[in-house]
Amino acid sequence: MSPHGKKSAANIVSFSGIDGAGKSTQIEALQTYLKDIGFQVVTIRFWDDVARLKSIRESAGHTLFKGDKGVGTPDAPITRKDKNVQSWPMTCIRLVLYFIDAVSARNAVKNALRSDADFIIFDRYCYDEMANLNLRNGLLRKYVLLLIAIVPALGRSYLLDADPAQARERKPEYPLDFVSRNRAAYLDMCNLTGRMTIISSMNIDEVRREILRYTIADLSTSSHAGGDNGSRNAARRVETKKLDGTHTHPAS
């Protein structure tokens with residue numbers, strides 16, 4: 001049994017944002033911090049562990065549209081052709097896939113709550129799929145509201161905002177105009193869901209400190225709301241831990 005007792009939804013977070021926004025870096029930093037204070041942390045990677053029918057997605061991007069495989073780097077840029085293909089036939093396929101993924105995400109959250117882990121981190125979530133849709137279209141907005149009703153709200157869902165040009169320099173995979181449109185879609189999706197915490201574009205350390213402040217606040221609130229002794233002790237350890245030599249106060 002977990003040393004901190006049964007977790008609540010407050011102990012599950014997700015990270016979303018355009019490619020190159022720094023999600024992997026911040027997830028690793030949060031994992032390290034939580035493990036240092038004694039938490040057992042599990043990361044669920046949405047594309048690997050939640051998304052379904054991946055062979056269909058891969059064949060569309062690589063076979064139908066001749067897009068590159070792999071991950072783009074500054075030294076080895078690639079040209080992907082998948083979510084940036086915005087034709088209506090592809091949109092219709094996405095509507096089916098995203099509904100299946102929403103049901104899969106619902107089951108993934110249920111399983112996470114039954115696991116022995118103290119803290120669950122989703123590397124991307126269904127919100128990243130919603131941002132691939134044209135949310136200025138009324139019908140697609142209604143569809144996204146349907147998905148929102150299916151997908152469980154997590155304790156905290158972070159949207160890491162980023163400058164499109166800088167993000168593309170870090171991860172050159174899509175044309176800059178698409179990355180800019182994708183960022184705008186994320187912000188539209190954020191307003192539509194009403195579930196996300198936007199972390200403004202800052203340097204890596206500033207983003208890390210902001211996320212840890214929210215983490216401290218959420219863990220403290222969870223323990224005060226009736227967590228067990230293990231959870232309360234862990235929360236006290238979080239509250240007294242120093243960040244870069246200074247005490248960190250919970251975010252409001």
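Contact here means heavy atoms within 4.5 Å. In this predicted model, 77% of the contacts between residues at least 6 apart in sequence join residues at least 24 apart.

The protein chain is built from ten helices and seven strands. Of its 252 residues, 48% count as buried. The chain exposes about 12,300 Å², and carbon and sulfur atoms supply 53% of that area.

The average pLDDT is 87, and 84% of the residues score at least 70.

| Residues | pLDDT | Contacts beyond four places in sequence |
|---|---|---|
| 1-5 | under 50 | 14 contacts |
| 242-252 | under 50 | 19 contacts |

Where pLDDT is low, the predicted coordinates should not be read in detail.

In soluble globular proteins, nonpolar side chains tend to be buried together. Apart from residues up to four places away in sequence, L30 touches V13, F15, F119, I121, I211, L212 and T215.

Strand β1 spans residues 12-16 and includes S16. Is S16 buried or exposed? S16 is buried, because its relative accessible area is 0%. Its contacts, leaving aside neighbours within four places in sequence, are with K23, R124, Y125, Y127, D128, Y158, L159, L160, Y186 and M196.

Definitions and conventions
Residues numbered from 1 in each chain as written. Predicted model: local features only at pLDDT ≥ 70, side-chain atom pairs only at ≥ 80, totals over all residues. Heavy atoms only, no water. pLDDT = per-residue confidence, 0-100. Helix = DSSP H or I, 4+ residues; strand = E, 2+ residues; numbered from the N terminus. Buried < 20%, exposed > 50% of the residue type's maximum accessible area, 1.4 Å probe, protein only. Areas by Shrake-Rupley, 256 points an atom, 1.4 Å probe, with all protein chains shown as cover.
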